[in-house]
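Hi,

Here's the structure I promised to pass on. Have a look first, then read my notes below.

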Amino acid sequence: MKGEQFQAVRGMNDVIPGVSEQWAFLEEEIRQWLRAYAYREVRFPVVEPTALFVRSIGTATDIVEKEMYSFVDSLNGEALTLRPEGTASCARLVIQHHLLYDGPQRLWYMGPMFRHERPQKGRYRQFHQCGVEAMGFAGPEVDAELILMTARLWQRLGLKEVSLHLNTIGSSATRARYRTRLQTYFSAHTDRLDEDSRRRLGTNPLRILDSKNPAMTDLIENAPRLMDDLDEESRIHFEKLQRLLQQNGVEYQIDTRLVRGLDYYNATVFEWMTPLLGAQSTICGGGRYDGLLEQLGGKPAPACGFALGMERLLALLEQQPHWAQRFGVHPEVYVMHQHQEAWALCVAETLRSSGLAVHFHAGGGTFKSQIKRADASGAGWAIILGEEEAAHQKVSLKPLRGQGDQLTLDVMEAIQQIKSSE
């Protein structure tokens, strides 16, 4: 009886050969980029206590209300959640391991996150982020460094149509006053609010400003602006940040409706956006979260960071000319044989020890059929091992690309011949 054929969970994607090389390229580019800024890698679990995200992200956010993959561990009754973002986990790691005892920390991480959303291009239920966190730094120069870092990455990757949106959401006291003003304003127009916005009105009215509903555009545009009542400390911080960006040639636009979707943000918030990905226009977002470490049980310390979406970056890179063709993976040598498995394996390992990429033929077949497979593999050379070669501990070297005669050589001579042709 034929078994059931399984499919990957909707919104959680496989990465197959041809695409995996693109992921590896992007990951290595990111590692080299971060190395230039002396940020150090951390790794934390995929599963965390549910309370960690509820306390840090906020109960009135979309993530906590309807997007987290949460469950109760049947072995001990502990409430657990697949991490929906990385900042809270990184803050928990820093507190638990007392990393700030050694002074401020520049940290980064990379890996899968999980949110139960409606899958669409650029938005998946398992998605991947690279997060960068600077903890223990209070001044706007670190905000500026983080933005300069991202600008350098876009340049490194050759991304063109990317723009920086910048805002400040002030202190917690400023936001509390502003929240009251927004509630008063939107309460007078409840008939124009959609269902999500009416729900947010009593819990998190700032999130109404982030609505993408075109029917509410005018209403949102005419809403009170937090910038008009900004506290002095946040205003000075934001002005200094702008000067630093201007002096370093970073173009930006102030977006007073930019609030970010997580409750732990304060002061600086920013997003890098592109028109090339449709509705999923944000490829990187972040800002300052000075109260989070204390909120999670650590000592008070300022912090700032951002996360960039790996799938969205790859979607942008795929639009570059000849992108996919750069990642064909071909062996340099195809080793074929008939009834000489031991000698063929020995030869293949010797070739690999010299630094060559080798495809070892398995599965039998005539030399004629093996030659066809060798040619299809993209290899530049074939090594042929029959009874005569095995008897004399030699190999027959045949060029598969361009001109040249088939030669019978020692293994080391064959290696020299292959490498001299590179």
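V19 counts as partly exposed because its relative accessibility is 32% (buried means under 20% relative accessible area, exposed over 50%, partly exposed in between, with a 1.4 Å probe and protein chains only). You'll find V19 in the segment before α1 (20–35); helices (H or I, at least four residues) and strands (E, at least two) are DSSP runs, numbered from the N terminus.

A heads-up: this is a predicted model, where local features need pLDDT of at least 70 and side-chain atom pairs count only at pLDDT 80 or more, while totals for chains, interfaces and linings use all residues. Residues are numbered from 1 along each chain as its sequence is written, and side-chain values use heavy atoms, leaving out hydrogens and water.

β5 (residues 105–114) and β6 (residues 126–135) are antiparallel, with 10 bridges. Across that pair, G111 has Q129 in β6 as its bridge partner.

Then there's β10 (residues 282–288): 6 of its 7 residues are buried, so the rest of the structure largely encloses it. β10 runs antiparallel to β9 (residues 266–273), joined by 6 bridges, and W272 stands opposite C284 in β10. Another 5 bridges join β10 to β11 (residues 303–309), also antiparallel, and G287 has G305 in β11 as its bridge partner.

Cheers

Conventions: Pairing = 2+ DSSP bridges.
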